[in-house]
Amino acid sequence: SKMMRVLRPVSGSARLLPNVRTMAVALRKKSPTVLPQVLANAMYREEPQEKLPRLRRRADLRSQWAHSRNLRGSPYKMNMAAFIIRGKHVPQAQLQLQFSNKQHYAPMIKRCLQKAINLSEIHQDLLPEQLRVAEVVVNKGKYRKEIKYHAKGRFGIMHLKWHNIAIKLEEIDWDFEIASAVDDAARDQVLRLRRAVEEQDWHTIRQPEFRTTLAPKKRRKHLEADAKAAVEAENQRLRVAEGAEETDEA
């Protein structure tokens with residue numbers, strides 16, 4: 001501040017002299033900024049980074065929608081109840097709805113899910129064990145206000161709400177589910193569930209450990225080679241187990 005007082009003249013010609021702060025800013029702009037070598041290499045990389053292929057579900061998967069409209073109740077509460085079955089195997093979704101404590105909303109979801117299962121069997125020739133709950137969409141339905149009578153001649157407004165629900169069932173892509181597993185334990189669960197579905201082992205399919213087996217819509221990036229390697233390792237393990245059983249019988 002003392003320097004500024006010294007450099008600030010009293011006469012009107014002071015406007016021609018540059019300000020000290022302006023000079024400092026100009027010098028700072030002229031001087032090039034020196035970046036660290038690691039940061040410079042990251043910012044000005046000449047070679048483009050190679051992108052790994054992302055594993056996606058097959059495009060030819062069969063699916064079926066089912067709708068239930070003008071259901072009495074709040075769409076917000078129905079959406080919270082719909083979280084029970086999103087992304088689950090259909091037998092597990094039925095099991096979760098059967099023992100859910102959402103007494104008003106769970107039966108509605110169960111009826112719509114059963115409708116989707118029947119339509120899948122009729123139009124797509126798919127059994128419940130081959131399906132997963134891909135999407136559950138809850139929308140606001142019609143809305144009405146009525147008079148709510150209070151004591152002493154007063155009144156209020158009563159809001160009556162309805163909602164619509166739509167469920168999409170999709171065929172399970174087992175290779176994608178195996179490859180997109182989070183860890184080896186989840187991958188083993190998917191392999192055991194696939195084997196139980198192929199062998200039609202209904203008791204194993206309804207075990208509680210398969211609640212969160214299938215992958216959601218978005219998960220980690222994996223390659224198709226991971227799925228093939230996991231299937232090959234499981235087949236090799238089964239061959240070794242069968243060989244051991246034959247040796248014991250001999």
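Mentor: Helix H6 has as its buried residues Ala 106, Met 108, Ile 109, Cys 112, Leu 113, Ala 116, Ile 117 and Ser 120; buried means under 20% relative accessible area, exposed over 50% and partly exposed in between, with a 1.4 Å probe and protein chains only. The model is predicted, and local features need pLDDT of at least 70, side-chain atom pairs count only at pLDDT 80 or more, while totals for chains, interfaces and linings use all residues. Residues are numbered from 1 along each chain as its sequence is written, and side-chain values use heavy atoms, with hydrogens and water left out.

Helices (H or I, at least four residues) and strands (E, at least two) are DSSP runs, numbered from the N terminus. H6 covers residues 106-124 and reaches 26 Å from its first C-alpha to its last, close to the 27 Å expected, that is, 1.5 Å times one less than its number of residues. Asp 125, with a positive phi near 60 degrees, follows H6.

The cover over the buried residues of H6 includes strands E1 (63-72), E2 (131-149) and E3 (155-171), and helices H4 (75-82) and H5 (90-98).

The largest nonpolar core has 25 residues, and Ile 109, Leu 113 and Leu 169 are among those that touch the most other members. Such a core is a set of buried Ala, Val, Leu, Ile, Met, Phe, Trp, Tyr and Cys residues joined through side-chain atoms within 4.5 Å. H6 supplies the largest share of this core, seven residues. Leu 169 is in contact with residues including Leu 113, Ala 116, Ile 117 and Ser 120, where contact means heavy atoms within 4.5 Å.

Terms used. Lists of a residue's contacts leave out its neighbours within four places in sequence.
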